[in-house]
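Subject: The structure for you to look at

Hi there,

Here is the structure I promised to pass on. Have a look first, and then read on for what turned up in it.

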Amino acid sequence: MKLSQFRFKLPEELVALYPPHRAFELEDGTVERVYSRDQCRLMVVHRKSQTIELTKKDAKGKPTDEPFMFRDILNYFDEGDTFIFNDTKVFPARLYGTKEKTDARIEVFLLRELNPELRLWDVLVEPARKIRIGNKLFFNEEGPMVAEVIDNTTSRGRTLRFLYDCPHDEFKEALFSLGEAPLPRYILEHRKAEADDMEQFQTIFAKKEGAVTAPGTNLHFSRELMKMMEIRGLNFSFVTVHCGLGAFESIEVEDLTKHKMSSEQMIINHETCELVNRTKLEGHRVCCIGASTLRATETAVGTNGLLKEYEGWTNKFIFPPYDFGLADTLIVNFYHPESTMLMSTAAFGGYDLIMEAYQKAIDNGFKFGCYGDAMIVVND
């Protein structure tokens, strides 16, 4: 397929800048938000019947004006069905420092730790033209956090050595205390990161640190919803995909077969394989939560349709047409034009049906992005 087939006009006001919430203006003029993870809107896409639902039906089966909400996913699963979540943990990857001598303000985006003993980190810097090998960056006027640039990796990429003499755990704690939630650019273009974001940009089951962006669809699951799912006899399984910035990189080629995804580290353990495979063999549903989880399971599924243990990296790029080997149900957010996440959704649900769903989402004011509304693609 072609890149241009995934191009559409997304109105700026439909990009969600905050998670689902109710806002209250206080006496001093400030706004307080009460967040409800599972209170976003939901669109239901039926893959086999090629139908799309935005509102609930009454007792006679006629559509009403009442929209589906995220908790309504419960109505599409039965006891014994299994959900696959991504338990990666986001760390506060974006921090700001000043360049020695000039005091120029520099954004440093932490990507991954290369060597804990030497305090080496792979990072992105902005503006990159001002940062060269040998430069020093200061991150806290009152503290000792200093970094030296020791290598150029890409046009914006650098390797930093942090000059901080203390036990590694203490260093990590000090470094992360200087950072903020690594919100996507499409949010930062309209507002700054806030204190609440570090909690809201993290799933309730985040466990294994390593992501520099959140697995957006997984954010919708609240403790109350998970308890309701548990009571209904639904199973929870977890993979780890350390979400990087590759999903936000612009695709530079029209022919999608020529695009190469950036790699992301992933882990699928024996326990997850055992549960998911038993679910499949017993004829129950397997539901992937989010595009990152879908990529991971398709990386590790065998030709027999069963999941295999995996520890390593994946650069799997899914776009139509594609034959899926594992999941029969998918829950995802609404993604930006020309994004790889949109392409994987279209591969799962069918290009024409998903693009029709996206047009309906725009026409009906659905919110897009990691904090936006959701879609469930069911196999009926």
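Let me begin with helix α1, residues 168-177, whose buried residues are Phe171, Lys172, Ala174, Leu175 and Phe176. Buried here means under 20% relative accessible area, with exposed being over 50% and partly exposed in between, using a 1.4 Å probe and protein chains only. Helices (H or I, at least four residues) and strands (E, at least two) are DSSP runs, numbered from the N terminus. An α-helix has 3.6 residues a turn, so residues three or four places apart point the same way. The cover over the buried residues of α1 includes β9 (94-99), β10 (105-115), β11 (120-126), β14 (157-163) and β15 (208-211).

Before going further, a word on the source: this is a predicted model, where local features need pLDDT of at least 70 and side-chain atom pairs count only at pLDDT 80 or more, while totals for chains, interfaces and linings use all residues. Residues are numbered from 1 along each chain as its sequence is written, and side-chain values use heavy atoms, leaving out hydrogens and water.

Aspartate 122 counts as buried because its relative accessibility is 13%. Leaving aside residues up to four places away in sequence, Asp122 touches Phe109, Leu110, Leu111, Arg112, Leu114, Thr153 and Arg158; contact means heavy atoms within 4.5 Å.

Now to the cores. A nonpolar core is a set of buried Ala, Val, Leu, Ile, Met, Phe, Trp, Tyr and Cys residues joined through side-chain atoms within 4.5 Å. The largest has 70 residues, and Met43, Tyr358, Phe368 and Met375 have the most contacts inside it. Helix α8 (residues 351-363) gives the most to this core, with seven residues. Phe368 touches, among others, Phe8, Leu10, Phe334, Tyr358 and Ile362, not counting residues up to four places away in sequence. Apart from this core lies another, of 29 residues, including Leu95, Ala104, Phe109 and Trp121.

As for the whole protein, it has eight helices and 21 strands, and 53% of its 380 residues count as buried. Among contacts between residues at least 6 apart in sequence, 70% join residues at least 24 apart. The C-alpha trace spans about 75 × 55 × 45 Å along its principal axes.
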